[in-house]
Amino acid sequence: MISSPGLGSGLDINGIISQLMAIEQRPLLQLSTKEARQQAELSAYGNLKSALSTFQGTVKTLTNSSLFTGVKASIVDSTIASVSATSSAEIGAHQIEVQTLAQAQKIKSESFTSPSDIIGSGTLTIDFGTYNVNGTFTENLKKASASITIGPDQTSLANIRDTINKASIGVTASIVNDGNGNRLVLSSNDSGLSNALKITVGDDDLNNIDNNGLSKLAYDASTGGTANMSETVTARDAILVIDGITITKPSNTITDALQGMTINLFRENPGTTTSLSITKDTTSVQTAVSTFVNAYNELQKTIASLSNYDQVNQQASILTGDSTVRAVQTQLRGILNSSLQSSVAGELNTLSQVGINFQKDGTLLLDNGKLNASLNDPAKDVSSLFATDGFAVRLDQMIDGMLENNGLIDGRMDGINTSIKDINKQREALGSRLEIVEKRFRTQFTALDTTIASMKQTSEFLAQQLSSLPGANANN
């Protein structure tokens, strides 16, 4: 019995079968080539989607009508104040003089040897209000008074500080070492005359106004009041003059003196005015339009790299001639080259009127001077040209349709994925058939090997028999 293919016949059966199977496996190579191309197409569509999504981000910026109504504020002397504006601010110029800055009141206790010194227990009631020139105290009705209990285990200077801070009642406590001792400093969290402090003590030693125990922290600067603490910083309002009008505010951040304007005061400069102005913010629009044009051109570069035909090397790109790519380009250019109804944006109805034009290679070119002139022309509604029902809104809606599930691109990608799945099924089926074919080849060639070996043995036997016949060696 022959134990190895070809041993009996001398044929290279394994080699023959390998060559035959290489021929039979050609459809597998064709399937792999087809799959590789479709995977490349899938990747190309992914790149196209990414480029479209990036472009759409710049388009969405231009759909926001508030972009076109923005204003910016500036001040000549930025050491005096900073200014900012919202779209509700009125375009114009103003003169401003800062006479005083708002301050929050601060008061200090007497000096103590250590933060661990025992003060006393009881209650501290804190009111906010105004100390009037006539010696009276007017309570701030917008801020309720608050009481803080200082328990027997909270009587040290440090414990009282911590208890006040934990209460979160609009007062901050700290301990300051002035070189001679430690003082408890209480600060109103809010500036302004109406946020001065009045501290009434309910002392557990039953004497609320002497300078012993918790009463050391009493403070009432009104006529007849007890003030065992002393003031270090006076509560004060900010006073500024805008266009000759005196304005008093409790804070150095002023949001209601000029509509849509926020003024942050930094420095007093009485007797000297500086100019602040509110102008239309065209810079943000120019930046957004420039970004839009650049993003469109980058999208076109991506499309070109995926679909152009290299005439020099006669080499096609992965999506050369692809109908989906052509549809994307055609639809985009269709909107960009279209005209709006004249009622939509006043005198404007094409992108070329604001300096956006197609070049010969299909990219866009922006004329910043023309765009700026349109932005500063009251008769030209650049906002409606892009936003409302303008070009940006229409582009955004169109790209949504391209990128949505089952949209233009996803539909094509789904088809490719289905084809790849079919290829895998074909590969599995072909693989099973090839196993059967190889087994058949081996069976056939094993039988041939056996037959040839048998014939060889018969031939050798006959030769032996013939050589032994009489006269077989007569000529020798």
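Modeller: Axes here are lines fitted to C-alpha atoms, for helices over the stretch in contact, and angles run from 0 to 180 degrees between N-to-C directions. Please keep in mind that this is a predicted model.

Colleague: How are H4 and H6 oriented to each other, roughly parallel, roughly antiparallel, roughly perpendicular or oblique?

Modeller: Helix H4 covers residues 283–307 and helix H6 residues 368–375, and their axes are 11 Å apart at an angle of about 135°. Angles over 145 degrees count as roughly antiparallel and those from 65 to 115 as roughly perpendicular. The crossing of H4 and H6 is right-handed. The orientation of H4 and H6 is therefore oblique.

Colleague: Which residues make the contact of H4 and H6, and how many of them are charged?

Modeller: H4 contributes Val285, Gln286 and Val289, while H6 contributes Asn368, Leu371, Asn372 and Leu375. By class, 4 residues of this contact are nonpolar and 3 are polar, and the number of charged ones is none.

Colleague: How is H4 oriented to H5, roughly parallel or roughly antiparallel?

Modeller: The axes of H4 and H5 come within 11 Å and cross at roughly 155°. Because angles over 145 degrees fall in that class, H4 and H5 are roughly antiparallel.

Colleague: How many residues are nonpolar in the contact of H5 with H8?

Modeller: Helix H5 (residues 323–336) and helix H8 (residues 391–403) have axes that come within 10 Å and cross at roughly 165°, which means that H5 is roughly antiparallel to H8. The crossing of H5 and H8 is right-handed. Val328, Gln331, Leu332, Ile335 and Leu336 of H5 meet Phe391, Arg394, Leu395, Met398, Ile399 and Met402 of H8. With 1 polar and 1 charged residue in this contact, the nonpolar count is 9.

Colleague: Is Ser121 buried or exposed, and with which side chain does Ser121 make a polar contact?

Modeller: Ser121 is placed in the loop between strands S4 and S5. Its relative accessibility is 14%, so Ser121 counts as buried. Beyond its neighbours within four places in sequence, the contacts of Ser121 include Ile150, Pro152, Thr155 and Leu214. The polar contact, at 2.6 Å, is with the side chain of Asp204.

Colleague: Which side chain makes a polar contact with that of Asn140?

Modeller: Asn140 is found in the loop between strands S6 and S7, and at 11% relative accessibility Asn140 counts as buried. Leaving out residues up to four places away in sequence, Asn140 touches Phe128, Gly129, Ser194 and Asn195. The polar contact of 3.2 Å is with the side chain of Asn195.

Colleague: What is the phi of Ser168, and what is that of Leu206?

Modeller: Ser168 lies in the loop between helix H3 and strand S8 and is exposed, with a relative accessible area of 62%. Leu206 lies in the loop between strands S10 and S11 and is exposed at 78%. Ser168 is not a glycine, yet its phi is positive, about 50°. Leu206, likewise not a glycine, has a positive phi of about 70°.

Notes:
Residues are numbered from 1 along each chain as its sequence is written. This is a predicted model: local features need pLDDT of at least 70, side-chain atom pairs count only at pLDDT 80 or more; totals for chains, interfaces and linings use all residues. Side-chain values use heavy atoms; hydrogens and water are left out. Helices (H or I, at least four residues) and strands (E, at least two) are DSSP runs, numbered from the N terminus. Angles under 35 degrees count as roughly parallel, over 145 as roughly antiparallel, 65 to 115 as roughly perpendicular and the rest as oblique. A crossing is left-handed if the near helix is turned anticlockwise from the far one by less than a right angle, and right-handed if clockwise. Contact means heavy atoms within 4.5 Å. Ala, Val, Leu, Ile, Met, Phe, Trp, Tyr, Cys and Pro count as nonpolar, Asp, Glu, Lys and Arg as charged, and the others, Gly among them, as polar. Buried means under 20% relative accessible area, exposed over 50%, partly exposed in between (1.4 Å probe, protein chains only). A polar contact is a pair of N or O atoms within 3.5 Å; within protein, one must be able to donate a hydrogen and the other to accept it, and residues adjacent in sequence count only if both atoms are side-chain atoms.
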